[in-house]
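Reader: Hi, I have the sequence and the picture open, and I would like to go through them with you slowly. Could you walk me through what is there?

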Amino acid sequence: MANRNGWGRSRSVPTGSPRTPPETFVEQANLADSDVYQTFDDDWPDCWHRAADLLSWDRPYETVLEDADPPFYRWFTGGRLNAAYNCVDRHLEEGRKTHAAIRWEGKHGECETYTYRDLYVAVNEFAAALRQLGVEEDDVVTIYLPMIPELPIAMLACARIGAPHSVVFAGLSADALATRMDAADSEYLLTCDGYYRRGDAFNQKSKAGNARLELEHDVETVVVDRLGEELPHVLGDREWDYHELREEFSGATVEPVSRDAEDMLFLMYTSGTTGEPKGVVHTTGGYLAHVAWTSRAVLDVKAEDTYWCSADIGWITGHSYIVYGPLALGTTTVMYEGTPDYPDRDRLWEIVDRNAVDVFYTAPTAIRAFMKWGEEYPERHDLSSLRLLGTVGEPISPRPWSWYREHVGDGECPVVDTWWQTETGAILISTLPGVDEMKPGAAGPGLPGIDVQVVDEHGEEVDPGQTGYLTVGRPWPGMARTLYGGDDQFRSEYWERFSEPDDGEWRYFSGDAAAIDDEDYVTVLGRVDDVINVSGSRLSTMAIESAITDVEGVAEAAVVGRSSGTTATEIYAYVSTEGGFDPESGDVREAIVDNAESTIGPIAAPDTVVFTPELPKTRSGKIMRRLLEAIANGDDLGDTSALRNPEIVGEIQATIGDG
Ligand code: 6R9
């Protein structure tokens with residue numbers, strides 16, 4: 001039953017019929033040159049000068065790639081630059097002072113616009129304040145803020161003075177914050193009194209305070225007053241008020257520190273659903289060049305656009321594609337505070353409408369929710385400003401892909417399904433919307449210059465139609481340079497499995513399983529750990545989930561294995577249905593089983609289908625399979641602090657108990 005790679009049969013990979021990019025899009029695309037793949041290949045690694053050329057350098061680089069000590073690659077060596085200068089100052093010099101840089105949509109309908117000039121003033125003042133607090137070049141500053149403008153301002157202020165930032169997602173616990181500050185030896189913290197989510201005000205400062213108690217070193221803390229009267233704003237020892245500091249340094253300017261291309265720009269702890277968080281190190285030159293290049297080539301961002309990525313800046317997607325990429329290109333980047341369903345389920349479409357958003361980038365988990373809520377919500381608004389849609393974060397199967405294109409993109413917008421990771425820094429796999437055909441269900445080929453290979457357990461490339469391990473054969477500018485304080489772990493996590501150091505062959509392993517077709521389009525199936533062994537066949541849970549979500553009425557699915565010790569592993573499918581769709585009526589359950597059987601094989605038919613209003617998700621929106629597996633097996637649930645919707649766990653347990 002299993003193919004030679006043991007991932008289950010190739011027929012399990014669903015892709016819809018190819019769609020060509022609309023001519024109206026191609027005509028205006030930043031990149032419409034179909035030779036670009038060849039050009040990059042012929043001229044590798046020098047081809048990457050095209051990315052570096054999008055930046056302003058204080059001193060030109062001497063070498064594009066230094067690969068003397070793999071896997072510790074160095075890009076654009078000898079070059080010097082400042083990321084904040086590239087994202088702010090140079091746009092003022094180009095006469096774009098009054099152009100909107102950041103448009104902020106607050107929780108209570110507040111809208112604020114920061115022009116490039118406003119951003120320049122804010123970044124400079126806060127950079128001056130950080131200096132006065134004692135922050136020096138290379139000191140790690142931790143930022144624990146929700147989606148308010150002070151978050152990107154603080155990141156850029158750090159970049160301006162050469163202090164790497166470590167942004168910790170605001171929803172993480174005091175423990176998580178303390179662990180990250182401790183690991184990074186960070187003595188500076190920026191947080192806020194509290195923030196709103198749905199209707200409620202959360203006290204952020206008390207969490208930050210608890211984290212500080214766990215740390216052995218002193219922490220200088222700056223507090224943004226977000227909630228005004230709603231929460232008392234009392235400052236203690238070593239605590240400063242953000243707005244008072246800004247006031248104190250009103251009008252101050254700070255010369256941007258010229259950083260070596262290989263100096264650290266920031267540290268980002270991975271969202272990992274299991275295990276200890278890893279501090280991924282990104283540097284200044286290669287990272288910024290790569291995010292700017294992909295914002296331009298893949299997301300088609302133009303300076304005159306209003307561009308919106310609805311992620312949280314607390315994750316890599318927000319770093320690369322809300323802050324650094326779009327601002328390096330001088331565009332208007334939208335950020336919003338809150339959730340897509342508050343005050344109503346048309347919140348996002350209202351924002352697109354009001355701001356005439358040109359390019360919209362979101363996650364499959366959000367798209368599946370929109371589909372579940374129904375098309376009436378996007379229909380309430382004028383979305384005709386949209387030119388391009390993107391997704392990132394999880395595989396997207398053909399049905400939600402098509403729903404997104406149809407109901408948000410009016411059947412016209414190209415959709416890019418972009419694959420990348422915290423560790424890759426920037427997009428590595430996607431179609432180029434002005435060049436390539438789209439195949440719903442497949443992310444696309446490796447971008448120009450990116451050597452994506454799907455290999456078997458011996459590192460041999462699999463045949464088209466087969467599945468295997470997703471690897472990258474050549475380095476790229478935006479790649480993580482190491483793990484903070486963990487060169488050995490960096491080597492063993494990502495490079496050991498498929499490299500042949502004795503032959504000088506180095507290959508990055510993503511940890512994902514994927515299939516590749518005869519046109520080199522990659523369908524990402526999910527983490528390799530998310531595989532279940534049924535009667536000796538290793539089945540990809542993602543492939544089964546994709547077969548399930550393609551059933552009419554199904555919104556989301558998560559598949560895990562239940563092993564009873566004596567009998568064979570059973571397939572457990574947790575399924576949520578679209579709005580207005582009663583799971584117990586009609587034959588949804590039967591259709592789910594039939595579709596899994598017909599697309600993958602009888603072996604993939606779920607033994608149990610559990611309907612639930614929602615699936616448990618991490619705070620970055622990823623389905624928490626480990627937990628669902630524990631529930632199916634009646635095991636201890638372990639640490640559930642990464643959950644966004646913990647209340648659903650009890651509901652699911654009750655459902656299973658009833659059944
Ligand atoms: C950017 C981001 C990385 C993991 C990655 C993969 C999954 C991301 C995807 C995708 C299928 C896509 N992933 N994009 N899977 N198709 N277009 O999400 O970074 O939080 O580090 O997660 O997300 O499994 O390995 P990060």
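**Working through the model**

Author: Gladly, and please keep in mind that this is a predicted model. As a place to begin, Gly95 sits in the loop between α4 (83–93) and β4 (100–105).

Reader: Is Gly95 buried or exposed?

Author: Gly95 is exposed, since its relative accessible area is 62%, and exposed here means over 50%.

Reader: How far apart are the C-alpha atoms of Gly95 and Ala568?

Author: Those two C-alpha atoms are separated by 68 Å, and along the chain Gly95 and Ala568 are 473 residues apart.

Reader: Now the sheets, please. In what order do the strands of the open sheet come?

Author: The order is β12-β11-β8-β6-β7-β14-β15-β23, which makes eight strands with mixed pairing. At the edges stand β12 (239–241) and β23 (482–483), and each has a single partner strand, so one side of each is left without a neighbour in the sheet.

Reader: In which sense do β6 and β8 pair?

Author: Strand β6 (residues 141–143) pairs with strand β8 (residues 188–192) in the parallel sense, over three bridges.

Reader: How many residues of β29 are buried?

Author: Seven of the eight residues in β29 (residues 570–577) are buried, so the strand is mostly covered.

Reader: Switching to helices: how many residues of α6 are buried?

Author: In helix α6 (residues 150–160), eleven of the eleven residues are buried. Among them are Glu150, Leu151, Met155, Cys158 and Arg160. Just after α6 comes Gly162, which takes a positive phi of about 75°.

Reader: Arg160 has a charged side chain, so what does it form a salt bridge with?

Author: Its partner is Asp89, with the closest N and O atoms 2.8 Å apart. Asp89 belongs to helix α4 and Arg160 to helix α6, so the pair ties together parts that are 71 residues apart in sequence. Asp89 and Arg160 are both buried.

Reader: How many salt bridges are there in the structure?

Author: The structure holds 33 of them. Another one is between the side chains of Arg387 and Asp300, at 3.2 Å from N to O. Arg387 is in the loop between α14 and β19 (388–392), and Asp300 is in the loop between α10 (285–297) and β16 (306–309), so this pair ties together parts that are 87 residues apart in sequence. Arg387 is buried with a relative accessible area of 16%, and Asp300 is buried with 1%.

Reader: What about Glu394, which residue does it pair with?

Author: Glu394 forms a salt bridge with Arg368, and the closest N and O atoms are 2.8 Å apart. Glu394 is in the loop between β19 and α15 while Arg368 is in helix α13, and the two are 26 residues apart. Both Glu394 and Arg368 are buried. There is also a network in which salt bridges that share partners join Glu137, Asp138, Arg259 and Asp263.

Reader: Which residues gather in the patch of negative charge on the surface?

Author: They are Glu375, Glu376, Glu379, Glu406, Asp410 and Glu412. Glu375 is in the loop between α13 (364–373) and α14 (376–379), and it is partly exposed, with a relative accessible area of 35%. Asp410 is in the loop between α15 (398–408) and β20 (415–418), and it is exposed, with 64%.

Reader: What is the phi of Asp410?

Author: Asp410 has a positive phi of about 55°, although it is not a glycine. Most residues other than glycine have a negative phi. Ala356 also has a positive value, near 45°, and this residue is in the loop between α12 (347–355) and β18 (359–362).

Methods: Residues are numbered from 1 along each chain as its sequence is written. This is a predicted model: local features need pLDDT of at least 70, side-chain atom pairs count only at pLDDT 80 or more; totals for chains, interfaces and linings use all residues. Side-chain values use heavy atoms; hydrogens and water are left out. Patches are made of residues with over 30% relative accessible area and no salt bridge: like charges are joined within 9 Å, nonpolar side chains (Val, Leu, Ile, Met, Phe, Trp, Tyr) within 5 Å. Accessible areas come from the Shrake-Rupley method with a 1.4 Å probe; for residues, only the protein chains shown count as cover. A salt bridge is a side-chain nitrogen of Lys or Arg within 4 Å of a carboxyl oxygen of Asp or Glu. Lys and Arg count as positive and Asp and Glu as negative; His and the chain ends are not counted. The place of a charge is taken as NZ of Lys, CZ of Arg, CG of Asp or CD of Glu. Helices (H or I, at least four residues) and strands (E, at least two) are DSSP runs, numbered from the N terminus. Buried means under 20% relative accessible area, exposed over 50%, partly exposed in between (1.4 Å probe, protein chains only). Two strands pair if DSSP finds at least two bridges between them.
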